[in-house]
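Biologist: I would like a close look at one part of this protein. Please take me through the sheet, then the loops around it.

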Amino acid sequence: MARVLVTGGAGYIGSHVAALLRERGHRVLIYDNLSTGHRDSVLGSDLVIGDLADTPLLDRTLRDFRPDAVMHFAAFIEVAESVRDPLKYYHNNAANTINLLRSMARAEIGSFIFSSTAAVYGNPSASPLTEDHAMRPINPYGQAKACVEQALLDASRAQDLRYVSLRYFNAAGADPAGRLGERHDPESHLIPIALKAALGKRQRLSVYGSDYPTSDGTCIRDFIHVMDLADAHLLSLQHLADGGESDVFNCGYGRGHSVREVIETAGKVTGREIPVEAAARRPGDPAVLVADSSKLKQKLAWKPRYDDLSFIIRTAWDWERKQA
């Protein structure tokens with residue numbers, strides 16, 4: 001049993017990971033300022049309400065709880081917003097992460113699991129993407145995450161720090177048991193927007209760009225069920241507990257789905273028409289992002305259980321109807 005501090009554990013992915021940690025017998029403390037998270041999403045975990053910029057509180061929390069590892073999810077996630085307000089993203093996603101790492105160093109805590117992103121690759125020159133593809137982010141969201149990855153690499157060479165950086169592709173779906181799901185406000189992710197439109201909670205779904213160099217002109221993304229993603233975090237925790245070296249892993253299924261394909265599948269799952277409107281491309285959106293996750297499967301023995309777009313959407317649909 002490990003003691004794990006989960007920053008951002010009241011948010012979408014962090015809450016699913018925290019729930020799985022508890023199920024596997026680990027002791028969890030969530031640290032979240034609740035700016036985008038939800039108090040009821042912590043379920044049975046202890047909660048410290050605090051900001052990563054609050055160094056005294058962060059130092060005290062680490063000193064008192066003495067975690068074996070820190071899992072870090074506390075970040076802003078909207079690509080388009082990062083283009084409009086880049087300093088917000090550099091401050092929270094980069095500077096506050098550095099503040100967390102400095103607090104960990106003072107507390108002599110040396111295991112760190114980082115929530116990174118496929119956005120660090122930018123417009124990739126290959127597909128599917130392996131971890132050795134160059135990082136060339138094209139938006140401040142991806143750039144801030146890439147800055148942290150470089151800081152982790154440098155810090156691990158200079159001090160007692162081992163880390164795993166998990167580069168998420170498109171996390172989606174909800175806890176199959178119905179306890180947790182996606183609750184962003186405002187919502188900007190494709191699947192929950194499509195489902196809200198199916199429920200009549202939104203007038204329509206906007207398709208941002210239909211002239212990309214893809215089979216149907218819309219962006220292609222690799223959607224991974226949030227519980228398969230959570231499992232990758234627990235395998236990373238075990239890897240570090242076993243003395244494993246710092247590493248970087250892609251998290252996806254290796255198969256892309258276009259925006260139009262997702263909308264069509266959502267229509268089949270819900271049995272409802274999803275109203276759609278055409279919109280201009282969003283700045284910072286690459287055409288195709290698909291993962292090669294062979295390394296995660298080989299080195300950490302990751303075995304995804306929910307690799308099916310219809311199942312992903314079904315769990316999200318059950319969650320949306322429960323909220324409605």
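In what order do the seven strands of the open sheet lie, and with what pairing?

Modeller: Bear in mind that this is a predicted model. Start with the strand order. The seven strands run β3-β2-β1-β4-β5-β6-β11. The sheet is open, and its pairing is parallel. Its edge strands are β3, residues 46-49, and β11, residues 247-251. Each of these two pairs on one side only. From one strand to the next, the twist averages 20°.

Helix α1 covers residues 12-23. This helix touches β1 (3-7), β2 (27-32), β4 and β6 (162-168). The direction of α1 makes about 165° with that of β2. Helix α4, residues 86-107, is another one to find. Helix α4 lies across β1, β4 and β5. Its direction is at about 170° to β5.

Look next at one strand pair. Strand β4 spans residues 69-72, and β5 spans residues 111-117. The two pair in the parallel sense over three bridges. Within this pair, H72 stands opposite F114 in β5.

Follow the chain back from β5 to α4. The loop between α4 and β5 holds E108. E108 is not a glycine, yet its phi is positive, about 60°. Is its position buried or exposed? The cut-off for exposed is over 50% relative accessible area. E108 has 70% relative accessibility, so it counts as exposed.

Now go the other way, past β5. The loop between β5 and α5 (140-158) contains P128. S127 and P128 are joined by a cis peptide bond, with omega about 0°. A cis peptide bond also joins D185 and P186, again with omega about 0°. P186 sits in the loop between β7 (170-172) and α6 (190-199).

One loop remains, between α9 (294-300) and α10 (309-323). A301 lies there. A301 has a positive phi of about 55°, although it is not a glycine. Its relative accessible area is 48%, so A301 is partly exposed.

Step along the order to β4 and β5, and find H72 opposite F114. Then visit E108 in the loop between α4 and β5, and P128 in the loop between β5 and α5.

Key:
Residues numbered from 1 in each chain as written. Predicted model: local features only at pLDDT ≥ 70, side-chain atom pairs only at ≥ 80, totals over all residues. Heavy atoms only, no water. Pairing = 2+ DSSP bridges. Helix = DSSP H or I, 4+ residues; strand = E, 2+ residues; numbered from the N terminus. Axes fitted to C-alpha atoms, helices over the stretch in contact; angles between N-to-C directions. Contact = heavy atoms within 4.5 Å. Buried < 20%, exposed > 50% of the residue type's maximum accessible area, 1.4 Å probe, protein only.
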